[in-house]
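Please keep the sequence and the structure in view while reading.

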Amino acid sequence: MPEPGPVPEPTTESVPGTDRRTGGLPAVLAVTAGVFAIVTTEILPVGLLGPIGATFRISDGTTGLMMTLPGLVAAVAAPVVTVATRRADRRTMLCALLLLLALADLLNAVAPAYSAVLLARVALGLVIGAFWSIGSGLAPRLVPPERQARANTVIFTAVPLGSVLGVPAGVLLGSLAGWRAAFAAMAVLTLLALAALLATLPALPPPATTTGLGVLRGLLTGRGILAGLAVTFLIVLAHFGAYTYVTPFLAEVTRVGPGTIGALLLAYGAAGLLGNLLGGARAARALRSTFASAAVLLATATLLLPVLGTDRPGATALLLIWGAAYGAVPVCSLSWFLAAAPHAPEAAGVLFTSSFQATIGIAALAGGGVVDRTSPGTVLVLAGLTALLAAGTVLLGSPSAATARR
């Protein structure tokens, strides 16, 4: 099957109502800071499952609901909030969402019971769904067409940076001052990102063609979008079903302490940053082969970890492979949706966000059930097999398949 051509990128001419006064690189960096705050808050529990569970005397699987709830809520919030606010200024929306995130972080920091933690994670889900849906399609409105691919790559560096800086820093701060301090620090960081958005984003009135339910229904009849949904479901299920519980695996199987776990997660995140940069650049030229390669590498790492990850060198090597592989996944997934619907980038962003986040929630829930009944190693094997299915689906599908117009 031939490789699809370069990923079509929406331009200011292809998005009716686009404000040509762009915020340029400062605005792109501000959006990136907002995404970093969101991603770090979302995955912070991965490195703090033990302390949080100990505080509330709950199992790893139950603590994993902190990953499940935001994903499921975000899947619903992505289309609902985006459609409900389709006539609102996008700058106002993004700033309001970061304010809500700061409040959710503060609630996590002072939560008297686990139910309060889950309430904060519901608020996080609302933020994730709406911010990603709006923010992932903003590049055409912030930079000239020739810089849009680079802007998307910059924004998506926030995903691996959450692993490189956010989670290890959270683990370190949690070990020194308690897990609540990590969430308090995230509240401060979120407020700084909010200030950056206020300072750099231009007015962003909604495009003339707003993201309505009819547009979303139309996209769902396209073969390219349906293939993207299937691929995203499988690869995200594989990754988060295993990654959510990688800390218990490292503690129980590799037998390393919190300090070493933090270092390993840091190495994983650094590899993810490299994978994002290389994968984002290559996806613009050869999307399908890049996506398939990432899925195969992820499968290799997770299948081999129960066998070779029993000591620190083996676990380190495989986590580096895993990080590099997953680093390319979000930008490849979004590129697939944008290529399948170049005429409706915000609507494509909604479907990308909804499918991605719903699968995170399902993966964390399913992984928690497996962990509580079997072992973290079993989750890794199942994740590897699922990643292989994702690779096959990528090779059989195409983002350039015919899509339904509005």
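On a 1 Å grid over the protein atoms alone, a pocket is an open set of points with protein on both sides within 12 Å along at least five of seven lines, whereas a cavity is a set of points where a 1.4 Å probe fits but cannot get out; in either case the lining residues have an atom within 4 Å of a point. Grid points are joined across faces, edges and corners, and a volume is the space filled by probe spheres set on the points. By these rules the largest pocket holds about 230 Å³ of space. Its lining comprises 15 residues, and G47, G50, P51, T247 and I261 are the closest to the centre of this pocket. Two or more lining residues come from each of α1, α8, α12 and α13, and α1 gives the largest share, 5 residues.

The model is a predicted one, in which local features need pLDDT of at least 70 and side-chain atom pairs count only at pLDDT 80 or more, while totals for chains, interfaces and linings use all residues. Residues are numbered from 1 along each chain as its sequence is written, and side-chain values use heavy atoms, with hydrogens and water left out.

The protein chain has 18 helices and 0 strands, where helices (H or I, at least four residues) and strands (E, at least two) are DSSP runs numbered from the N terminus. Of its 406 residues, 60% count as buried, a class that means under 20% relative accessible area, with exposed set at over 50% and partly exposed in between (1.4 Å probe, protein chains only). If contact is taken as heavy atoms within 4.5 Å, then residues 24 or more positions apart account for 88% of the chain's contacts with a separation of 6 or more.

At least two lining residues are supplied by each of α1 (24–56), α8 (158–177), α11 (223–243), α13 (258–283), α15 (312–327) and α17, the largest share, 5 residues, coming from α17. Helix α17 (residues 345–373) also contains S354, which counts as buried because its relative accessibility is 17%. Apart from neighbours within four places in sequence, S354 is in contact with A75, A78 and P79.

R57, in the loop between α1 and α2 (60–63), has a phi near 55°, a positive value in a residue other than glycine, and R57 counts as exposed because its relative accessible area is 78%. R255, in the loop between α12 (246–254) and α13, likewise has a positive phi, of about 60°, although it is not a glycine; with a relative accessible area of 69%, R255 is therefore exposed.

On the surface, L99, L103, L106 and L191 form a nonpolar patch with about 360 Å² of accessible area together. Helix α4 (residues 90–110) provides the largest share of this patch, 3 residues, while L191 lies in helix α9 (residues 179–200) and counts as partly exposed because its relative accessibility is 43%. Patches are made of residues with over 30% relative accessible area and no salt bridge, like charges being joined within 9 Å and nonpolar side chains (Val, Leu, Ile, Met, Phe, Trp, Tyr) within 5 Å; a salt bridge is a side-chain nitrogen of Lys or Arg within 4 Å of a carboxyl oxygen of Asp or Glu. Accessible areas come from the Shrake-Rupley method with a 1.4 Å probe, and for residues only the protein chains shown count as cover.
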